[in-house]
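Let's take a walk through this protein together, one piece at a time.

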Amino acid sequence: MTRSNIILLAIVAVIAALPLFGGAYALRLGTMACMYAILALSWNVVGGLAGYPSFATAAFFGFGAYTCGVLLSRGASMAFAVPVAGIASFAVAALLGAALLRLRGHYFAIASLSLIEVFRELVNNATDLTGGGMGLNIPLGAGSGVMSDATFYFFSMWGILLATALMVIIVGGSKLGFGLACIRQNETAANMIGLNATLYKSVAFGLSACFVGAAGGIYAAWVHYIDPSDVFDILYSVKPIVMALIGGLGSPLGVLLGAFVYLGLEEVVWRNYIQIHSGVLGVLIVVLLLFLPHGLMSLRSRLLAWRPKHV
């Protein structure tokens with residue numbers, strides 16, 4: 001295991017201590033930080049390792065949210081509904097990926113973006129099952145207080161983050177990760193040497209959706225009410241890409257740090273510039289990317305380059 005992967009797991013482990021030091025507000029931020037990190041790390045599998053610019057994150061986040069929400073509203077337990085949401089997201093993404101991933105570049109980006117509208121329309125039309133445009137009410141947990149509720153959902157989201165981090169580390173050091181790197185470098189050459197690029201890309205697309213769907217399921221249970229405009233928000237597709245660019249494309253540790261930096265910027269800007277927060281946040285991100293085009297992880301190489309050399 002590389003040093004960066006050890007640091008990645010250490011940061012995830014430290015996050016678990018948040019309930020010992022913070023109140024309900026800190027737990028809300030911690031839950032959001034874990035969710036953002038899940039979205040960014042999952043996107044990095046297909047976007048960073050395979051080099052395919054996917055905008056389908058919001059589609060599978062909403063798919064997982066509604067899968068879990070429908071099951072919870074029908075009396076299923078959260079321990080059953082969340083894994084089902086993740087597994088269903090993986091299966092649907094892998095099947096769709098076998099077709100969509102035959103496209104490349106901006107053609108694939110547009111096709112993956114269209115999945116958001118497809119899933120949104122399916123949810124809007126299945127009114128008997130999902131509530132349509134009126135949204136879906138999810139029952140509250142029996143006998144839960146404010147702090148216990150916040151702690152429970154924090155650790156639930158943290159558990160998915162830990163599983164996502166382990167998945168990313170395992171994939172990065174496996175034959176799948178090597179195959180995805182070959183596809184990113186030259187897919188035509190990878191096919192010529194016998195690599196089953198369609199299978200590798202489909203599995204990567206499924207893994208990028210699996211934990212996103214589980215996170216969407218926990219989010220649905222956490223907020224107790226979801227509607228299509230909320231969980232199928234295109235920002236859930238754009239934010240992970242921005243986080244990966246801020247941290248360092250292809251680096252799991254960089255992507256994790258990018259997610260935390262983005263959340264910090266978002267929270268500070270929202271609290272101080274609520275009327276124009278979107279514009280201010282956009283300017284800050286553009287400035288950050290201009291000065292750090294290769295993300296936060298490029299700071300390490302710059303520091304090493306500036307370090308004085310002894311003869």
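Thr130 touches Tyr66, Val70, Val123, Gly135 and Leu136, leaving aside residues up to four places away in sequence. Keep in mind that you are looking at a predicted model. You can find Thr130 in helix H6, which covers residues 127-130. Is this residue buried or exposed? Its relative accessibility is 6%, and buried means under 20%, so Thr130 counts as buried.

One of its polar atoms lies 2.8 Å from the backbone oxygen of Ala126. The backbone nitrogen of Gly132 lies 3.3 Å from a polar atom of the Thr130 side chain.

Now move to helix H2, residues 24-49. H2 has 26 residues and reaches 36 Å from its first C-alpha to its last, close to the 38 Å expected at 1.5 Å a residue. Just after H2, Gly51 takes a positive phi of about 80 degrees.

How is H2 placed in the structure? Of its 26 residues, 21 are buried, so H2 is largely enclosed by the rest of the structure.

One of the neighbours of H2 is helix H11, residues 235-247, and the two axes come within 8 Å. They cross at roughly 75 degrees, and H2 and H11 are therefore roughly perpendicular to each other. Where they meet, H2 brings Met35, Tyr36, Leu39, Ala40 and Trp43, while H11 brings Tyr236, Lys239, Pro240, Ile241, Met243 and Ala244.

Conventions. Residues numbered from 1 in each chain as written. Predicted model: local features only at pLDDT ≥ 70, side-chain atom pairs only at ≥ 80, totals over all residues. Heavy atoms only, no water. Helix = DSSP H or I, 4+ residues; strand = E, 2+ residues; numbered from the N terminus. Expected span 1.5 Å × (residues − 1). Buried < 20%, exposed > 50% of the residue type's maximum accessible area, 1.4 Å probe, protein only. Polar contact = N/O pair within 3.5 Å; in protein donor to acceptor, adjacent residues only side chain to side chain. Contact = heavy atoms within 4.5 Å. Axes fitted to C-alpha atoms, helices over the stretch in contact; angles between N-to-C directions. Parallel < 35°, antiparallel > 145°, perpendicular 65-115°, else oblique.
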